[in-house]
Amino acid sequence: MKYIELSTLRILAVLLIVNSHLHLFYEYKYLATGGAIGNAIFFFISGIGLSYSLAKNKINYFTWVKKRYLRIYPKLIIIVLFYILIGFIVVENTTDLFVTLIFPEEFWFLPVLTYFYLIIYFIITNLKVKEIKKTLFVIFIIYLISYYLLIDNQRYSIEENILLKSIFYLFVMVLGVLVFKIYDKLYLGIKYSSFILFISISCFYLLKFTMLKYDYYFIQFLEHFFILTILYSLLTFLKTKQIILFQKNRIINIIIMFVSSISLEIYLTHNYFKEYPFSFFPLNILIFIPCVLISAYLLKKVFSFFEKKIKNYKSF
């Protein structure tokens with residue numbers, strides 16, 4: 001990928017998402033955090049990455065959607081069927097099986113992403129900067145209305161409501177499209193970007209602490225605001241010359257390219273291992289990491305093998 005910082009962001013996204021699921025691994029469950037930030041990063045870089053891809057090679061809508069769906073859904077269905085087979089995911093009947101295959105709750109992130117594909121193509125290919133800003137404004141209004149109607153301010157619920165967080169992540173993905181349009185103009189020095197990043201992360205977790213400590217759930221909407229500032233400052237930080245040079249170091253670059261290339265498979269396989277903290281902390285984490293990386297790599301190899309077989313069969 002031309003923009004190595006996007007590959008780095010992809011790794012950060014999957015690390016944060018996986019870490020947020022490791023409640024059984026930590027003595028203090030509050031260390032299992034970062035999922036909302038990781039989700040937002042992934043939708044954000046998807047908006048940027050898809051824009052870059054279509055700018056290089058604009059293909060028709062149906063071919064593009066087919067290509068995106070075939071990249072995700074076959075793998076998702078296979079891994080869900082495997083989890084059902086070993087009893088990790090339980091289905092009660094045929095209807096339950098169908099719903100689980102189409103929208104598995106354990107992997108809600110991927111179906112939502114594929115739904116966004118149906119509309120993001122038109123935004124990327126047809127809208128200019130001003131029109132994208134208007135689109136963001138409309139989504140923001142829908143978000144405000146949905147927040148007012150759906151969120152229970154008596155408890156933490158902003159990340160529990162699938163509809164509201166889907167609206168937010170659609171906003172983030174479209175924001176990624178806008179950022180691609182102005183990518184070369186997006187710059188902050190390392191001092192400013194690192195300062196804003198530090199303040200944003202600090203405010204995000206201070207907000208979390210305040211809500212949990214004092215039950216101030218009426219301010220939970222600020223969580224999404226701070227996530228947006230984290231996205232901006234994190235991207236500009238990774239785009240600075242000093243950090244770009246660090247990411248292009250030969251060994252660092254190899255690690256970034258390898259881990260980012262199996263990020264989808266890491267997301268699909270980690271769900272099994274997160275239920276089994278093999279030992280005490282931090283040894284359990286040190287065992288968990290290679291188990292997930294190896295299984296993700298093997299899964300990718302298996303998928304690649306069958307993809308090649310299918311292509312060869314079609315060509316024959």
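Predicted model: local features only at pLDDT ≥ 70, side-chain atom pairs only at ≥ 80, totals over all residues.
Figure 1. Buried residues account for 47% of the 316 residues in the chain. Along the principal axes, the C-alpha atoms fill a box of roughly 55 × 45 × 45 Å. The radius of gyration is 20 Å, which agrees with the value near 20 Å for a compact globule of 316 residues. As for secondary structure, you will find 13 helices and zero strands.

**Figure 2. Helix α3 packed with helix α4.** Two packed helices are described by the angle between their axes and the distance between the axes. Here, α3 (residues 61-85) and α4 (residues 94-102) pack at about 135°, and their axes lie 9 Å apart. That angle makes α3 oblique to α4. On the α3 side, the contact is made by Tyr 73, Ile 77, Val 80, Leu 81 and Ile 84, and α4 brings Leu 97, Thr 100, Leu 101 and Ile 102. Sorted by class, the contact has eight nonpolar residues, one polar residue and no charged residues.

**Figure 3. Asn 19 and its surroundings.** Now zoom in on Asn 19, found in helix α1 (residues 4-19). Is Asn 19 buried or exposed? Its relative accessibility is 17%, so Asn 19 counts as buried, the cut-off being under 20%. Leaving aside residues up to four places away in sequence, Asn 19 touches Tyr 26, Leu 31, Ala 32 and Thr 33. With Tyr 26, the side chain of Asn 19 makes a polar contact, side chain to side chain, at 2.4 Å.

Terms used: Residues numbered from 1 in each chain as written. Heavy atoms only, no water. Helix = DSSP H or I, 4+ residues; strand = E, 2+ residues; numbered from the N terminus. Buried < 20%, exposed > 50% of the residue type's maximum accessible area, 1.4 Å probe, protein only. Polar contact = N/O pair within 3.5 Å; in protein donor to acceptor, adjacent residues only side chain to side chain. Contact = heavy atoms within 4.5 Å. Axes fitted to C-alpha atoms, helices over the stretch in contact; angles between N-to-C directions. Parallel < 35°, antiparallel > 145°, perpendicular 65-115°, else oblique. Nonpolar A, V, L, I, M, F, W, Y, C, P; charged D, E, K, R; others polar. Rg over C-alpha atoms; globule rule 2.2 N^0.38 Å.
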